[in-house]
Amino acid sequence: MKARDFGPLSHLAFIIPSILGIILFMIPFSSDGSVTILIAIMAGWLQEKLADSLSLIMTVIITITAVLTVLVKIIGPEKLDRTPFFQSLFNVPWVWVVTRILGMIFAIMVYFQAGPEAIISGNTGGLLLDDLLHVLFAVFLFAGLFLPLLLNFGLLELFGVLLTKVMRPLFKLPGRSSIDSLASWLGDGTIGVLLTSKQYEEGYYTKREAAVIGTTFSVVSITFSIVVIEEVDLAHMFIPFYLTVAVAGFIAALIMPRIPPLSRKADTYVTDEADDIEEEIPDEHNTLSYAYAQAVERGSKASGPAKFFKEGGQNILDMWMGVAPIVMALGTIALVIAEFTPVFSWLGYPFIPLLELLQVPNAQAASETILVGFADMFLPAIIGSGIESEMTRFIIASLSVTQLIYMSEVGGLLLGSKVPVNLKDLFIIFLLRTIITLPVIALIAHIIF
């Protein structure tokens, strides 16, 4: 098969949507003094326009989701046989039914400021409903709508072939996974999780690959990294900070796919549609020509505008209704534990000897920030911002970003998605990433300071 065997329209069917996808998701733009992607700029604009209404909108979405989920359980999912999308959206296991109900209760309590302070506080449920869920509403709207530009017109096939020789030996992953990482890095980790989940559902990743990509390559955006380093009053050190994060993250990405629990995930697919993706390059092609031929073939099979917007709309509903209630429920519980109990301080005690061995100043104060990041990535920076030592604040900020798994966003998103990881997996991965990256970050910090 050669790309030139297709007509001009087939080439344009790959080129035009893919360029639009690259512009929206992968080209960095400067906005208000920070560097981000167009999707994030559009999401920020929408957040500003709807700022006074988004808490109510998200409360309504979460409430409708819970009510319809319970209703489907009562009337029976077979009533939705003619609409498989809505059947899969609302016919969920009982654990998620309970979680959606909890999410609804928490959202209503926070919106009406009725209930225990621990739940409605601006540092717990309020942080989620009045801040994070505003971001998710806007990001999911635009990312969900335009995600088919990355998925359906050949761009993944192009990158998949071009980068297989890098991604396979280094990370045991298909080349197409590089798109997930790039979109996360320039845009937001939520976009990476959304991409990974959709690719897994369509049968392009095995269970192991989806779990590895979702927990290793849905990296923290440049924008959020700037916010973290500013919180610890080290904004002038952003470049060495981000280079430290990149080095530690790269080492973690090399190790994590090779050890449990990720290495023990089954190399089987969720569907039979793409369970034998060919990565060998035929003799008549070189890497570039084969990558382009695969991309044009995929673009030529893409459907028209009606299906594009239908799929985009389904992506939006899937993320709004499938993910937001879980983020609200689990995120609130995690933040309540972090804010109102000493659990994370107790869990930090075993790290004091390690921090002292690594000669980290203020080891005891630093230990309290290490595991609190599992609840929310921003908490270590908030708690550690008062520590006197610049080196310790630098280490805390770097570690919080490389830990990657936090329940108020990426962790909750992964649990709400189809990516095959559970809460136990996420906590173990979080711990392993901490143990792997902490010595690397401490070593670099000693060189810098």
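Reader: Why does S225 count as buried?

Author: In this predicted model, S225 has a relative accessibility of 0%. Buried means under 20%, so S225 at 0% counts as buried.

Reader: Where does S225 sit, and which residues does S225 touch?

Author: S225 belongs to helix α12, which covers residues 222-231. Leaving aside residues up to four places away in sequence, S225 touches V220, F238, F241, Y242 and V401. A contact of this kind means heavy atoms within 4.5 Å.

Reader: How far apart are S225 and S289, in sequence and in space?

Author: In sequence, 64 residues separate S225 and S289. In space, their C-alpha atoms are 37 Å apart.

Reader: What makes T402 count as buried?

Author: The relative accessibility of T402 is 2%. The cut-off for buried is under 20%, so T402 at 2% counts as buried too.

Reader: Which helix holds T402, and what does T402 touch?

Author: T402 is found in helix α20. With residues up to four places away in sequence left out, T402 touches V245, A248, G249, R433, T437 and I441.

Reader: How many cavities of 30 Å³ or more does the structure hold, and what makes a space a cavity?

Author: The structure holds one cavity of 30 Å³ or more. A space is called a cavity because a 1.4 Å probe fits there but cannot get out. The volume of the largest cavity is about 30 Å³.

Reader: How do the lining residues of the largest cavity divide into nonpolar, polar and charged?

Author: Four are nonpolar, three are polar and none is charged. Ile, Leu and Pro count as nonpolar, and the lining includes I370, P380, I396 and L399.

Reader: What is the volume of the second largest pocket, and which residues lie nearest its centre?

Author: The second largest pocket has a volume of about 730 Å³. Its lining has 24 residues, and those nearest the centre are K198, E202, K307, E311 and Q314. Two or more lining residues come from each of α4 (84-90), α10 (189-201) and α15 (305-340). Helix α15 gives the most, with seven residues.

Reader: What kinds of residues line the second largest pocket?

Author: The lining divides into 11 charged, eight nonpolar and five polar residues. Glu and Lys count as charged, and K198, E202, K307 and E311 are among the lining residues.

Reader: How many helices and strands does the protein chain have, and why is the chain called as compact as a globular protein of its length?

Author: The protein chain has 22 helices and two strands. Its radius of gyration is 22 Å, and the globule rule gives 22 Å for 449 residues, so the chain is as compact as a globular protein of that length. Along its principal axes, the C-alpha trace spans about 65 × 55 × 45 Å.

Reader: What share of the residues counts as buried, and what share of contacts joins residues at least 24 apart?

Author: Of the 449 residues, 54% count as buried. Among contacts between residues at least 6 apart in sequence, 77% join residues at least 24 apart.

Reader: What is the accessible surface of the protein chain?

Author: The accessible surface comes to about 18,700 Å², and 65% of that belongs to carbon and sulfur atoms.

Terms used: Residues are numbered from 1 along each chain as its sequence is written. This is a predicted model: local features need pLDDT of at least 70, side-chain atom pairs count only at pLDDT 80 or more; totals for chains, interfaces and linings use all residues. Side-chain values use heavy atoms; hydrogens and water are left out. On a 1 Å grid over the protein atoms alone, a cavity is a set of points where a 1.4 Å probe fits but cannot get out, and a pocket is an open set with protein on both sides within 12 Å along at least five of seven lines; lining residues have an atom within 4 Å of a point. Grid points are joined across faces, edges and corners, and a volume is the space filled by probe spheres set on the points. Helices (H or I, at least four residues) and strands (E, at least two) are DSSP runs, numbered from the N terminus. The radius of gyration is taken over C-alpha atoms; the globule rule is 2.2 Å times the number of residues to the power 0.38. Buried means under 20% relative accessible area, exposed over 50%, partly exposed in between (1.4 Å probe, protein chains only). Accessible areas come from the Shrake-Rupley method with a 1.4 Å probe; for residues, only the protein chains shown count as cover.
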